[in-house]
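Please keep the structure open while reading.

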Amino acid sequence: GLAVVQTDYASTNIAILGLDGSTSSGSILSSGSEGVKLNAPLGGDVVLPSALDADELVLIDRYPNAVLTFLDLASGRVRGQLDVGTGFASNPQDYLALSANVALVSRYDLNPDPDAVLEERGDDVLIVDPENLSVTGVVELEAVRAPAPFLTRPARLAFVRERVLVTLAGYDGRFQDAAPARLAWLDEEARRAVSSVEIEGMKNCAGLAVSPSGAEIALSCSGLVDGSDEADPSDSGIVVFSVEETDEAAPRLLEKARFWAADFARGPFSFSLSYASEGTLIVGTYGAVEGPDAGRPDRVFSLEIADGTVHDWLESKEDPFTLGEIRCVTACDVCFVADAGRGDVARFTSIRSAAPSVERWTIDETIGLPPRQVGHL
């Protein structure tokens, strides 16, 4: 199935769809749910983990709440909630379950209290026990921390070749500049970072996709906020790596292809991308409201890794920043894109062709919240 986050950034609704378009639940949980005892009601900045479970849905309430909500899909009931703010607005970005008792949470922001204890410092990867809903530790990141004045800014998490990979965006505290982005491997027990790769020339890299075989990964870099209005930002792009096994603690990432946003003149790449097949990525670019390229739409298009060929799939209807998460299910030859501007989810079939077929799903018009994120269950 498909989980869909609908939000106007003030309130949120969660819907569950079948891959055929059927609605399992138009509102399995929302900010206004009655009869649900939530210590922290859903806010307006709720996202889904990169990797979803078919039995339990974990909702990440990012800023300022910093709360995980665990929702049993069979019963539709909330099993519990876990505060991962530990006393401040930690802005959690992603959640990755490794076992029944171990999961990781990437936390983007730093605690302003310099004397905070280790579990309360932020700018880290927190270790939690999802069964008992408790914080159990922090991943040791000292070996891969960005130099001052930059923060490490852990973002997306992925399980690759039996190991954990995390993106490090490297923004400073004011979001004015960023260190070159990096990818870091965590050890088998996910207790410490063992190696990292710097992506020279790219900044603010947070989108991460794993190929169907696990043989390669793709990283999406949006560049600095100051350049987001430009059609050809200098520090945004897509980098594809092959994953090579070694005798060392982590695999080796070898750069296979690099695509600069400036070469496409469509604006910076978005935080979302997905593999349609081993050789094809589905990627997005952000539009612009102001600046010399004002009026530029969001775009979603296919990108052939071998030669950089692109085929346009979708443009935003009117306003930019309305095309959301891209999620492909390669086994079913289908991709989904959340389209807040049109108020529906675009479903693409025959995704390996240059011109895939598209149909549109409207979830529940009575709810009135636009869909912004989708995830495959």
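The lining of the largest pocket divides into 18 nonpolar, 13 polar and 7 charged residues (Ala, Val, Leu, Ile, Met, Phe, Trp, Tyr, Cys and Pro count as nonpolar, Asp, Glu, Lys and Arg as charged, and the others, Gly among them, as polar). A pocket here is an open set of points on a 1 Å grid over the protein atoms alone, where a 1.4 Å probe fits, with protein on both sides within 12 Å along at least five of seven lines; lining residues have an atom within 4 Å of a point. The volume of the largest pocket is about 1200 Å³, the space filled by probe spheres set on grid points joined across faces, edges and corners. Of its 38 lining residues, Tyr9, Arg62, Gln93, Phe271 and Tyr286 are the closest to the centre.

The second largest pocket holds about 720 Å³ of space. Among its 26 lining residues, Ser50, Ala51, Val210, Arg327 and Cys328 are the closest to its centre. Its lining divides into 16 nonpolar, 7 polar and 3 charged residues.

Asn204 counts as buried because its relative accessibility is 5% (buried means under 20% relative accessible area, with a 1.4 Å probe and protein chains only). A polar atom of the Asn204 side chain lies 3.1 Å from the backbone oxygen of Gly223. Residues that Asn204 touches (heavy atoms within 4.5 Å), not counting those up to four places away in sequence, include Tyr108, Tyr171, Gly223 and Phe271.

Residues are numbered from 1 along each chain as its sequence is written. In this predicted model, local features need pLDDT of at least 70, side-chain atom pairs count only at pLDDT 80 or more, and totals for chains, interfaces and linings use all residues, while side-chain values use heavy atoms, with hydrogens and water left out.

Note on methods: Buried means under 20% relative accessible area, exposed over 50%, partly exposed in between (1.4 Å probe, protein chains only). A polar contact is a pair of N or O atoms within 3.5 Å; within protein, one must be able to donate a hydrogen and the other to accept it, and residues adjacent in sequence count only if both atoms are side-chain atoms.
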